[in-house]
Amino acid sequence: MPKERGQKVIASNRKARHDYSILDTYEAGLVLQGTEVKSLRAGKASLADAFATVDDGEVWLRNVHIPEYTQGTWTNHTPRRTRKLLLHRGEIEKLIGKTKESGLSLVPLSMYFKDGKVKVEIALAKGKKAYDKRQTLAKRDADRVISRAMGRALKGRFTE
């Protein structure tokens with residue numbers, strides 16, 4: 001059987017980019033059981049309430065919902081179990097310092113297959129206030145209006 005190549009997104013946490021300002025991102029491997037991988041290959045996972053913590057020098061992914069594999073037997077996994085993230089020691093040390101010192105959070109942004117292995121993109125993030133969210137939405141809308149106007153101007157249709 002040929003090896004898988006490329007990247008296939010399983011799940012993404014779009015709300016995280018709305019609720020947090022992303023400071024830094026990391027790609028981490030994930031320790032999984034066999035039925036979890038089969039369920040992920042079917043494209044089923046949810047990062048809605050997920051977060052990561054650093055405990056005893058290890059990074060753990062919590063509250064990720066990977067549903068039970070339908071053809072699984074008694075060896076099936078529990079859907080919301082805590083899963084270990086695989087990072088380099090230097091990255092873990094950096095994350096420990098940042099989360100302890102300034103109250104930053106570790107939020108998963110997406111889960112995907114990369115060359116046949118499950119990876120999670122986690123972000124070092126700072127929570128946004130309500131007014132920050134409104135400013136972000138207003139800026140995005142203004143940028144959209146500007147780009148439309150520029151497109152019309154380039155095509156020679158000046159309408160106001």
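Colleague: Which residue of E7 stands opposite Ile 22?

Modeller: In this predicted model, where local features need pLDDT of at least 70, side-chain atom pairs count only at pLDDT 80 or more and totals for chains, interfaces and linings use all residues, it is Ala 125 that stands opposite Ile 22. Residues are numbered from 1 along each chain as its sequence is written, and side-chain values use heavy atoms, with hydrogens and water left out.

Colleague: Why are E2 and E7 called a pair of strands?

Modeller: Strands are DSSP runs of at least two residues and helices (H or I) of at least four, numbered from the N terminus, and two strands pair if DSSP finds at least two bridges between them. E2 and E7 run antiparallel and are joined by nine bridges, so they meet that definition.

Colleague: What does E6 do with E7?

Modeller: E6 also pairs with E7, over nine bridges in the antiparallel sense, and Val 107 stands opposite Ala 123 in E7. The hairpin of E6 and E7 has two residues between the strands, and there Asp 115 takes a positive phi near 55°.

Colleague: Why is Asp 19 called buried?

Modeller: Buried means under 20% relative accessible area, exposed means over 50%, and partly exposed lies in between, with a 1.4 Å probe and protein chains only. The relative accessible area of Asp 19 is 19%, so Asp 19 counts as buried, whereas Lys 133, at 23%, is partly exposed.

Colleague: What makes Asp 19 and Lys 133 a salt bridge?

Modeller: The term asks for a side-chain nitrogen of Lys or Arg within 4 Å of a carboxyl oxygen of Asp or Glu. The closest N and O atoms of Asp 19 and Lys 133 are 3.4 Å apart, and the pair forms a salt bridge. This pair links distant parts of the chain, with Asp 19 in helix H1 and Lys 133 in helix H4, 114 residues apart.

Colleague: How many salt bridges does a search of the whole structure find?

Modeller: The search finds nine, including Lys 84 with Glu 58 at 3.1 Å, N to O. Here Lys 84 is in strand E5 and Glu 58 in strand E4, 26 residues apart. Another is Asp 141 with Arg 144 at 3.2 Å, and because these two are three residues apart in helix H4, about one helical turn separates them. Glu 36, Arg 81 and Arg 83 are linked in a network of salt bridges.

Colleague: What span is expected of H4, and what does the helix reach?

Modeller: The expected span is 1.5 Å times one less than the number of residues. H4 has 26 residues and reaches 38 Å from first C-alpha to last, close to the 38 Å expected. Just after H4, Gly 156 takes a positive phi of about 85°.

Colleague: Which residues touch the most other members of the largest nonpolar core?

Modeller: A nonpolar core is a set of buried Ala, Val, Leu, Ile, Met, Phe, Trp, Tyr and Cys residues joined through side-chain atoms within 4.5 Å. The largest has 27 residues, and those touching the most other members include Leu 30, Leu 85 and Met 111. Among the elements giving two or more residues to this core are strand E1 and helix H3, and the largest share, four residues, comes from E7. A second, separate core of five residues includes Val 107 and Ala 125.
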